[in-house]
Amino acid sequence: MNRQSNAFKTLYAVVAIAAIALAVSCSKSAAGPDPLSVAVFVPGVASGSPIYEMLVAGAEKAVAEIPGATVKVIEAGYDQSTWLDSLRDTVASGEFSIVVSSNPSLPELCAKLSPDYPSVRFIVADAYLPGNPAIHTILFNQMEQGFIVGYLAGLVTKDRNPDAAPVAGIVAAQHYPTLDRLIRPGFEAGLKAVDPEFKLEFREVGNWYDSAKASELASSLYGSGVEVILPIAGSGGQGVVASARENGASVVWFDGAGYALDPEAVIGCATIAQDRLVYERLKAALSGDTSLYGRADIVSARDGYVGFDPDGKGYAALPRSVRDALDAAIAGLKAGTPDFSMDTF
Amino acid sequence: MISPVLRTVKDTGASSTPKRLAIAVATAAALAALAAAALSGEPSTALRAFFVAPFSNASSILNMVELSAPLALCALGVIVTFRAGHYSLGGEGQAYAGSIAAAAAGYYGYAALGPGATLAAVVAGVLAGAAVAALPAMGRRFAGAEVLLTSILVSQGFIFVIDWAIGGPLRDRSGNLIAMPALETEALLARLEPPSTLTVAPFVVLILCVAASFYFERTRSGAAHDLYGRNPRFAELQGYDVERLSWAPVVASGMLHGLAGALMVLGAKGTAIRGMSGGIGWSAIGAALVAGSRPSAVPLAALLFAWLDSGARQAAVLSDLPPDAGMAIKALVILVVSSRPSWTAVKAFMRRTPTRRAK
């Protein structure tokens with residue numbers, strides 16, 4: 001028993017001395033991070049996620065054009081409860097002066113950390129947080145994006161079932177402000193621009209990855225007469241596409257690259273130029289433009305950051321009249337009709 | 001029939017804890033090195049990230065110490081219940097309940113109590129953990145139900161309900177995370193050494209571990225607790241209060257898990273986030289195993305696990321090591337540490353077999 005206690009005392013003494021020695025030695029080295037060192041923080045997994053693939057591509061392109069700049073891609077996975085810890089590790093490593101990311105949740109996490117790590121700057125796309133001098137956010141006008149796919153969903157529904165009660169669906173991962181205040185109202189506005197009688201059915205998956213549950217929800221919607229669904233469910237959206245294929249129905253996609261999932265079931269993709277946006281903003285930051293920080297910009301179809309991808313088999317198979325009507329609507333949107341412009345969010 | 005692993009968690013006691021800790025540290029270090037070499041395209045960077053980065057500045061070290069505190073409390077809870085022979089596997093739900101209760105009390109109580117909401121949050125967390133543990137404890141006390149089964153069933157049920165509550169009625173709709181509203185800074189535990197996340201939590205852990213050590217090794221109640229865990233009938237014949245021991249350790253364990261959940265909310269996270277308890281119940285059993293069921297060894301065992309988590313995350317940040325590597329290494333460490341009693345059991349079985357045959 002005494003030997004045991006002595007062993008413990010020795011063990012704790014060694015740990016305590018080591019901790020004190022480390023803390024003292026570490027406190028002497030306080031050099032700041034390389035100002036051209038960039039971390040791309042992906043709150044998920046980049047591969048298979050178009051929006052994060054564009055984030056990485058844009059950042060890598062900007063870094064490649066600035067001599068001496070370096071970039072490291074950090075994938076934090078889908079568990080939101082671990083993002084803060086991962087982000088803290090990223091900034092606390094002292095390796096990065098700029099953290100680039102894309103997700104509406106990120107600014108609040110960055111804002112928690114920025115007072116503790118004043119030398120680090122954050123650029124977050126697809127998000128909105130004004131007034132923090134360490135953070136630059138850029139929000140896509142997703143009401144316009146929602147309007148484009150809503151209008152297409154309305155046209156296709158009316159074309160296929162002209163006499164049925166008009167209805168379309170959204171299968172979303174969860175409620176969040178951008179969805180509730182931009183995407184859903186925009187989608188609904190697009191539907192009602194085709195026919196004011198349109199009804200919107202909304203279903204919630206509860207997470208961003210459960211494609212089986214998303215597929216179940218989509219199947220029930222298709223079974224009840226919905227012809228077109230907009231999934232906003234991350235990788236769960238693939239379940240909606242699978243259900244559309246099984247039910248001979250259709251999907252409109254958000255944020256690009258949806259045609260690759262199923263060239264026939266996916267009939268249209270609203271796009272954002274995330275790669276271009278990240279490239280431009282990061283390159284400016286690396287070139288020394290500090291005026292970005294503290295700003296929360298909103299970019300739109302008029303600037304060319306929100307658009308539509310017509311290069312899909314599913315879209316090409318739609319009747320000419322539908323495609324012409326959509327082209328006209330997009331042209332009108334770019335010209336400001338309807339006007340979804342906003343200065344704040 | 002108690003499995004060799006559970007028996008070891010319960011009562012390894014005095015003989016081999018420093019050795020067990022040393023084996024765990026050596027195994028973890030070897031596996032981390034192996035993972036860095038095998039899974040990373042930049043092995044030297046991954047190795048540096050795993051072994052150097054978590055200790056590269058005072059802030060990282062203190063973050064790791066803070067990270068270890070809730071895990072240590074849960075491990076202490078595991079020891080309290082396992083040493084009484086109650087194999088409660090419900091720690092995850094108890095900690096999660098502590099988190100949601102603390103977040104609710106801290107947020108809604110702030111208007112009325114101001115900074116006093118911190119204490120209210122701690123009390124709410126402890127009571128919530130105890131409440132979740134009370135169900136299997138009462139089942140044991142009044143119906144003789146096996147805690148091993150009831151604790152995990154009750155815990156899992158609560159996890160589903162809490163997930164729903166955080167994502168539903170209690171969710172902060174103005175934010176994008178699936179989380180409750182953030183607590184006011186004044187309601188959180190004060191940070192002792194910014195920018196690190198260190199709070200008073202690790203010191204609370206140390207005090208409780210010393211108290212638990214004293215209880216088990218120096219008090220008659222602690223001896224009764226251990227004796228009941230080894231042989232309830234014998235404890236009864238000795239005149240100990242076995243009715244109390246049939247439920248109280250389970251509730252005490254729930255209180256410690258609830259406190260751990262509350263400290264998570266009152267520390268760096270600042271609120272209850274859906275899924276935030278992720279795996280702490282399982283990790284706590286592993287830490288208790290590494291600590292050889294000795295409360296005095298719990299802080300070191302928890303620190304080892306915190307290093308694995310922190311090292312794996314740093315390796316994912318600074319190199320291309322998969323972020324889940326830390327979890328896999330943790331699992332293998334538990335496997336190695338628990339293999340010794342399993343091997344002992346195999347040897348005992350082998351020794352018995354020829355004797356039986358001879359008979």
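Predicted model: local features only at pLDDT ≥ 70, side-chain atom pairs only at ≥ 80, totals over all residues.

Reply: Residues are numbered from 1 along each chain as its sequence is written, and chains are lettered from A and ligands numbered from 1 in the order in which they are written.

Me: Why are strand 2 and strand 11 of chain A called edge strands?

Reply: The open sheet of six strands in chain A has the order 2-1-3-4-5-11, with parallel pairing. Strand 2 (70–75) and strand 11 (296–299) each pair on one side only, which is what the name edge strand refers to. Neighbouring strands of this sheet are turned by 15° against each other on average, direction ignored, where the axes are lines fitted to C-alpha atoms, for helices over the stretch in contact, and angles run from 0 to 180 degrees between N-to-C directions.

Me: How do you know that strand 9 of chain A is largely enclosed by the rest of the structure?

Reply: A residue is buried if 20 or more other C-beta atoms lie within 10 Å of its own, exposed if 12 or fewer, and partly exposed in between, with C-beta atoms placed from the backbone. Five of the five residues of strand 9 (residues 250–254) are buried, so the strand is largely enclosed. Both faces are covered, with Ser250(A), Val252(A) and Phe254(A) on one side and Val251(A) and Trp253(A) on the other.

Me: Which strands does strand 9 of chain A join by bridges?

Reply: Two bridges join strand 9 to strand 8 (residues 228–232), which runs parallel to it, and there Ile229(A) has Val251(A) as its bridge partner. Four bridges join strand 9 to strand 10 (residues 266–272), also in parallel, and Phe254(A) stands opposite Ala270(A).

Me: What makes the β-α-β unit of strand 8, helix 8 and strand 9 of chain A right-handed?

Reply: A crossover is right-handed if, with the strands pointing away from the viewer, the path from the first strand over the helix to the second runs clockwise. The unit made by strand 8, helix 8 (residues 237–247) and strand 9 of chain A is assigned as right-handed.

Me: Why are Asp126(A) and Ser293(B) called buried?

Reply: Asp126(A) has 22 other C-beta atoms within 10 Å and is therefore buried, and Ser293(B), with 27 C-beta neighbours inside 10 Å, counts as buried too. Asp126(A) is found in the loop between strand 4 and strand 5 of chain A, and has a positive phi of about 60° although it is not a glycine. Ser293(B) lies in the loop between helix 14 (280–290) and helix 15 of chain B, with phi near 65°.

Notes:
Pairing = 2+ DSSP bridges.
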